[in-house]
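Trainee: I have just opened this entry and would like to go through it with you. Could we look at it together, one point at a time?
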Amino acid sequence: MWFTLEDLDFEDLERVLEEVTESHSISFQELVQSLMQGETADYGIKDWVLRAVLGEWQSNREIFFLLLGVGLASAIFYQISSAFINKQIAETSFYFTYLIFLTTSAAGFGLLVQTVGECIGKVKQFMDVLIPCFFGVVSLSYGSATAVGYYKVTILIMALINGVLLAVVLPAIKVAVLLQMINHLTKEEMVSKLSAVVGQAVKICMKSILAVIIGLNTLEGLLLPTIDKVKLHSLGKAVALLPGIGGSAKTVAEIIAGTGTLVRNAVGAAACLVLFVLISLPVLQTILFLVTYRILAVCLEPVADKRLVGAVEEIGKGGSLLLQVMVTIFLLFLITIAVVCRVTS
């Protein structure tokens, strides 16, 4: 079937893209057109990311100095209190400053979890309108069997994000970090094993989801494109047998197929770029969060109580789990789109 880029309706995509990026500088149709023409501009993405990084560094810098001040105050109070015969004063001063540190850190980590949840929501919102458009193009340019099969895989990804990553994994990460911070309240570790089990379960869950989707993409790619290819090949042979116009009709059909492939791959590449834009800010926020807490642990280790330093390290580990969640979601869609574009070429 003959179709061009102008025949596709990007109105819903443009509206949702404007909502999720909160910017008018990125147009999906213009992005697809640029990719079809082989242009390699940054499409305004670089400036958007740089502004986001600078803004995030300003907020992280304030949290860093606040927590550093609390940690140093804890060390000073603890050393002064240790000079007294009654060691309970030293422990009381530690608990007081640790609770301040715990409250501040928990608030910062909670905001990061909220940011990650909002990022996942934006990705879902964008994919909800992209999926019908993209697989409609796949159906028109290659065949319905491949489009339907990979459409089901993508719907499964959306269900896993809703039912597992959002409903189970994110709350489990918060529980793991909270358990570790409670564990460092006392000198003896009481729930470290439980927290470790929760963290390990989260990692296994994300790896399992990624393995399942890669496996399904591989299985679908072994059979469905072959079915559509046989249909197209049979149609091409039938057209070539038409007396007088067979050769010309076959040539036109090949040109149409090439155009459809170009449009489909351009839409897929544009979708991957948009997904990268959507997760770039939360990923940068999480990386800055990790760097902030790593530097904070280095600064506090020589002077602060080991329990405080241990709590800082565990919060950083929680941030790394959040980073893995976002990267996993990006890879799920990236691999699926890339496989569809590859097996239908």
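Trainee: Is threonine 292 buried or exposed?
Mentor: This is a predicted model. In it, threonine 292 has 5% relative accessibility, so this residue counts as buried, the limit being under 20%.
Trainee: Where does threonine 292 lie?
Mentor: Threonine 292 belongs to helix 7.
Trainee: And what does its side chain reach?
Mentor: The threonine 292 side chain reaches the backbone oxygen of leucine 288, at 2.7 Å.
Trainee: Let us turn to the rings. How many aromatic pairs does the structure hold?
Mentor: There are 4 aromatic pairs. In one of them, the ring centres of phenylalanine 135 and tyrosine 151 are 6.0 Å apart and the planes meet at 85°, so this pair is edge-to-face.
Trainee: Which helices hold phenylalanine 135 and tyrosine 151?
Mentor: Phenylalanine 135 sits in helix 4 (residues 87-141) and tyrosine 151 in helix 5 (residues 144-183). The two are 16 residues apart, and their pair links distant parts of the chain.
Trainee: How accessible are those two, then?
Mentor: Phenylalanine 135 is buried, at a relative accessible area of 7%, whereas tyrosine 151, at 35%, counts as partly exposed.
Trainee: What about phenylalanine 289 and tyrosine 293; how are their rings arranged?
Mentor: Phenylalanine 289 and tyrosine 293 form a tilted aromatic pair, with 4.5 Å from centre to centre and 40° between the planes.
Trainee: Why are they separated by about one helical turn?
Mentor: Because phenylalanine 289 and tyrosine 293 are 4 residues apart in helix 7 (residues 246-300). As a rule, an α-helix has 3.6 residues a turn, so residues three or four places apart point the same way.
Trainee: Are phenylalanine 289 and tyrosine 293 buried or exposed?
Mentor: Phenylalanine 289 is buried, with a relative accessible area of 6%, and tyrosine 293 counts as buried at 3%.
Trainee: A new topic: which residues are buried in helix 2?
Mentor: In helix 2 (residues 28-36), the buried residues include Phe28, Leu31, Val32 and Ser34. They cover an arc of only 160° around the axis, which puts them on the same side of helix 2.
Trainee: Finally, the surface. Which residues form a nonpolar patch there?
Mentor: Leu219, Leu222, Leu223 and Ile227 form that patch, and together they have about 410 Å² of accessible area. One of them, leucine 222, is found in helix 6 (residues 192-240). Leucine 222 is exposed, with a relative accessible area of 61%.

Terms used
Residues numbered from 1 in each chain as written. Predicted model: local features only at pLDDT ≥ 70, side-chain atom pairs only at ≥ 80, totals over all residues. Heavy atoms only, no water. Phe/Tyr/Trp six-rings, centres within 6.5 Å; stacked < 30°, edge-to-face > 60°. Buried < 20%, exposed > 50% of the residue type's maximum accessible area, 1.4 Å probe, protein only. Polar contact = N/O pair within 3.5 Å; in protein donor to acceptor, adjacent residues only side chain to side chain. Arc of directions from axis to C-beta. Patch = residues over 30% accessible without salt bridge, like charges linked within 9 Å, V, L, I, M, F, W, Y side chains within 5 Å. Areas by Shrake-Rupley, 256 points an atom, 1.4 Å probe, with all protein chains shown as cover. Salt bridge = Lys/Arg side-chain N within 4 Å of Asp/Glu carboxyl O.
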